[in-house]
Amino acid sequence: MPPIQPPAAGRYPAGGLAFPHRDLLGIGQLQTHEILYLLDEAEQWVRLNRMPSKHTDVLSGLTIINAFFENSTRTLLSFEIAGKRLGADVVNMHAAQSSVKKGETLIDTAMTLNAMRADAIVIRHSSSGAVALIAGRVDCPVLNAGDGQHEHPTQALLDALALRHKLREGGREEFNGLRVTICGDILHSRVARSNILSLQALGAVVRVCAPPALMPMGIEAMGVEPFHSFDAALDGAEVVMMLRLQNERMQGQFVPSPREFRHLYGLTPQRLALAEPDAIVMHPGPMNRGVEIDSEVADLAGRSIITDQVEMGVAIRMACLDVLTRRARGVPGWAPVNRAQWV
Ligand code: CP
């Protein structure tokens, strides 16, 4: 492989200190330099994932359990691929086929996984805080793959990595002052919450846009500017991140109809024209085409980075699994695997 560019001097500690977190529960727990470190670590895995042979034995002998209590395509598959490409044994537990269906509690399930001596547990759950609850009961690193409306930290990290790649293509190195508009079901979105935290930590200026019923009360306290008019929120936007309606978290009617929602909040080609001329389009998936985003925009070559987001998801999850298991493997936490290539 050609040499990896070194990180800017002093951005994060070098050498033998341990990465200071056992678990990855949310972006809210991370300092900016820790976010940057995970992004930088992921670059080596982006490169590996683009090679014909995508296998290393960095996590050889380790067992990773993906325990998903909610449906997933991208997150589950990319954690599974990430673990396997790093050489770990990966097991998936789907709640629908588990003893959860027989009434086993979350804590008993956690203790069961712990007794099997997993080396890392990845959890998705519909309840905010459920992942932290499990982390408090097990002996290995726990990674949050999305908990209720709370956080989806690896999604925000992969979004930042995909965005950083796109910005660098255009000759821009940093997020400082980058104007990002996040539009859709902000109220129920853990992706919005994690992205607000991560994008602001990296220096971006974040606007959020939603119908009044789907805008969290007091969202200004997160440092974002709220909008109910999508047209106004798009003015000057350099990045537009669309979110789907999270119908599975809604009790009652939050929008009159998907058609009405599209009329006011759907990203159509005409609406995208209100943003900056080269504005970047993002969506964490799954998309509801023709509701929050039109196909002409979702598939717009050179502007939409939706498939890049998916690609970066594997690399970011490889970085998180590698870094968080280093303590148990006796590897210095802040020392990148390929640090030798940097000197
Ligand atoms: N973005 C995301 O979390 O997608 P999945 O629900 O398919 O994992």
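D294 is buried, with a relative accessible area of 7%; buried means under 20% relative accessible area, exposed over 50%, and partly exposed in between (1.4 Å probe, protein chains only). The residue sits in the loop between β9 (280–282) and α10 (295–298). Helices (H or I, at least four residues) and strands (E, at least two) are DSSP runs, numbered from the N terminus. The D294 side chain makes a polar contact with the side chain of R262, at 2.7 Å. A polar contact is a pair of N or O atoms within 3.5 Å; within protein, one must be able to donate a hydrogen and the other to accept it, and residues adjacent in sequence count only if both atoms are side-chain atoms.

This is a predicted model: local features need pLDDT of at least 70, side-chain atom pairs count only at pLDDT 80 or more, and totals for chains, interfaces and linings use all residues. Residues are numbered from 1 along each chain as its sequence is written, and side-chain values use heavy atoms, with hydrogens and water left out.

Stay in the loop between β9 and α10, where P286 is also found. The peptide bond from G285 to P286 is cis, with omega near -5°.

The residues around the ligand are S72, T73, R74, T75, R124, H152, Q155, P284 and G285; each has a heavy atom within 4 Å of it. Where does the ligand lie relative to domain 1 and domain 2? It lies between them, because domain 1 (15–152 + 311–328) and domain 2 (153–309) both give residues to the shell. Domain bounds come from an automatic or database domain assignment.

Now look at single atoms. A polar side-chain atom of T75 is 2.6 Å from a ligand oxygen atom. For R124, a polar side-chain atom lies 2.9 Å from an oxygen atom of the ligand. P284 uses a polar backbone atom, 3.0 Å from a nitrogen atom of the ligand.

Next, the rings. The whole structure holds 2 aromatic pairs. The rings of F19 and Y37 have centres 6.1 Å apart and planes at 25°, so this pair is stacked. Rings of Phe, Tyr and Trp (its six-membered ring) pair if their centres lie within 6.5 Å; planes under 30 degrees apart count as stacked, over 60 as edge-to-face and the rest as tilted. Both F19 and Y37 are buried.

Finish at R117. It is exposed, with a relative accessible area of 69%.
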